[in-house]
Amino acid sequence: MSKLLQLHDFSALGTTSFEQMRNSAAQSGCSSKGGAGKTGCGSAAGPSDLPPEIWEKVKNHPCYSEQAHHHFARMHVAVAPACNIQCNYCNRKYDCANESRPGVVSEKLTPEQAARKVVAVASTIPQMTVLGIAGPGDALANPAKTFKTFELVTETAPDIKLCLSTNGLMLPDYVEQIAAMKVDHVTITINMVDPEVGAKIYPWIFYNHRRYTGVEASKILSERQLLGLEMLVARGILVKVNSVMIPGINDEHLIEVNKAVKSRGAFLHNIMPLISEAEHGTAFGLSGQRGPTAQELKALQDACEGEMNMMRHCRQCRADAVGLLGEDRSAEFTTEKVMAMDVEYDLAARQAYQAKVEAERDAIAVAKQRELDKLEGETASIKIQVAIATKGGGVINEHFGHAHEFQIYEVSTAGAKFVGHRRVDLYCEGGYASETGIEPILKALNDCTAVLVAKIGMCPKDSLAGAGIEAVETYAFEYIEQSVIAYFKEYLERVGKSEIRHVARGDATIRQGAFTEA
Amino acid sequence: MAYKIVASQCTGCSACEPQCPNVAIFEKAGTFVIDPSKCSECVGHFDEPQCVAVCPVDGTCVIDPTVPRYQAA
């Protein structure tokens, strides 16, 4: 019977017009719509692509919706310092390099301090919609502190979405409590489903009053993670799976992980590059284990995308981050400053901001579609990557020299798709070019054909041109996706007229270290 | 009679505190300390000392040589 169904599906495809196929190709994956078998896209899915109850949950969540991450901010409170497993990419003396910043969090908070901080931040930043507990240890190795914080926040700020991150070891024991507290987003870090692979990543776990090591430890961890995932999905809680890509250890295996979590109903898979600088003192850092290159990471994400939605906008932020993804305003909200603040929770102002964003999002979607329609009839097989300088809002509104990161879009006749971001050190410091110069930025953008900016000086523009990257100011303050498509159309025209020659770009470097405001 | 926590190694993560069957561990100036009069080295409770097993930094929870080893009654 299932074979018959497949045949039927196939023949149905045959009757689809080329136009429909092209449109559906343009809208599949993370560009716009979740296709059949996908639970809608963590990246750019809109209200029409997802069941209303799921859209309600993700539309304002910067981590679960690529679209939302341009507009909405999150905060983490560092109330959970304890952990119950050891990872080779983490050194607790310097905190957890992959799940938060590679250094100790600025300060640990009590649940009471954390709740006050949440209200202070929410009053100052109306786009802050999500509170996450992501360590610096494991949220569920500190259950009392984690749940107390959620309880206090719900009392004063009931509109803030709650989410937590865990390694999954204790997850099955707390699923009921998570559901009861209306936490509707949980992230589980799953780096393997094969304990033999796990033994190379986890030296030990602490479980049932015992320290387990080797394959036995990873077997327990993996079983608990997958059980926890199934239990959450059964309760309608959205689950994001984070995986650290460790070349030579679990890179190929992550395709198996992807299948395992997809089949158990995970909503989104986030494959992140290993951070392993020697100075963090992690086991991987000391053994010289390298992280992936930008194109290695993208190739793995692309390989998994047919199976489920991939998150590509993760900034691997620290456990006390505050602000839009890619920015960190935590220094404005130290305990000392928060205690001195006069805070009033202004629900009306927050809702007004959020309504404004809804309208803006619609405008962005319309503009993108209008631009995409202009590509009608184009058949070039060319695919390029374009870097964007933005400080949020879905608009090209950052100067080249002031950019902490560039967002990377892949564009072809099928449309524009967000594929990642590249952290860079500021090129411009106090009006002068930085000491390290433009070289690291050229490496970070080496796989891009162009960079679209609000403004750029002559000097860096020439350096970029020398490296084969075109710097473009024409789209300053325009919507990102619309501009990327418009640039691509113009690029094809110039290639068509032989004004320029299309050159395939190489690989790029991923800057080590999670985001910290320098 | 007891374990002690090497303060210079302790990250203050608090993982040990709730694991101690004798409630002998408490926070002091950002790191954790063990009250030697309460520590039983987990004898009679668990096969391995819990603070040692859960501590993320090896060599942080160690036998205090200045105190005689614990003897089960």
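A crossing of two helices is left-handed if the near helix is turned anticlockwise from the far one by less than a right angle, and right-handed if clockwise. Everything below comes from a predicted model, where local features need pLDDT of at least 70, side-chain atom pairs count only at pLDDT 80 or more, and totals for chains, interfaces and linings use all residues. Residues are numbered from 1 along each chain as its sequence is written, while chains are lettered from A and ligands numbered from 1 in the order in which they are written.

**View 1. Helices α4(A) and α5(A) make a right-handed crossing.** Here we have α4 (residues 111-124) and α5 (residues 143-156) of chain A, with axes that come within 9 Å and cross at roughly 40°. Helices (H or I, at least four residues) and strands (E, at least two) are DSSP runs, numbered from the N terminus. Axes are lines fitted to C-alpha atoms, for helices over the stretch in contact, and angles run from 0 to 180 degrees between N-to-C directions. On the α4(A) side, look for Pro111(A), Glu112(A), Ala114(A), Ala115(A), Val118(A) and Val119(A). They meet Lys145(A), Lys148(A), Thr149(A), Leu152(A), Val153(A) and Thr156(A) of α5(A); contact takes C-beta atoms, placed from the backbone, within 7 Å.

**View 2. Helices α6(A) and α8(A) run roughly parallel to each other.** The axes of α6 (residues 171-180) and α8 (residues 214-234) of chain A cross at roughly 20° and come within 8 Å. Angles under 35 degrees count as roughly parallel. This crossing is right-handed. Leu171(A), Pro172(A) and Val175(A) are what α6(A) brings to the contact, with Arg224(A), Leu227(A), Gly228(A), Met231(A) and Leu232(A) coming from α8(A).

**View 3. Chain B has one helix and four strands.** Follow the sequence and you get β-β-β-α-β. The radius of gyration (over C-alpha atoms) is 11 Å, close to the 11 Å that the globule rule gives for 73 residues, so chain B is as compact as a globular protein of that length; the rule is 2.2 Å times the number of residues to the power 0.38. Of those 73 residues, 36% count as buried, with 20 or more other C-beta atoms within 10 Å of their own.

**View 4. Chain A averages a pLDDT of 82.** That score is the predictor's confidence in each residue, from 0 to 100. Over residues 1-44 of chain A, pLDDT is below 50. Where pLDDT is low, the predicted coordinates should not be read in detail.

Notes. A residue is buried if 20 or more other C-beta atoms lie within 10 Å of its own, exposed if 12 or fewer, and partly exposed in between; C-beta atoms are placed from the backbone. Two residues are in contact if their C-beta atoms, placed from the backbone, lie within 7 Å. Angles under 35 degrees count as roughly parallel, over 145 as roughly antiparallel, 65 to 115 as roughly perpendicular and the rest as oblique.
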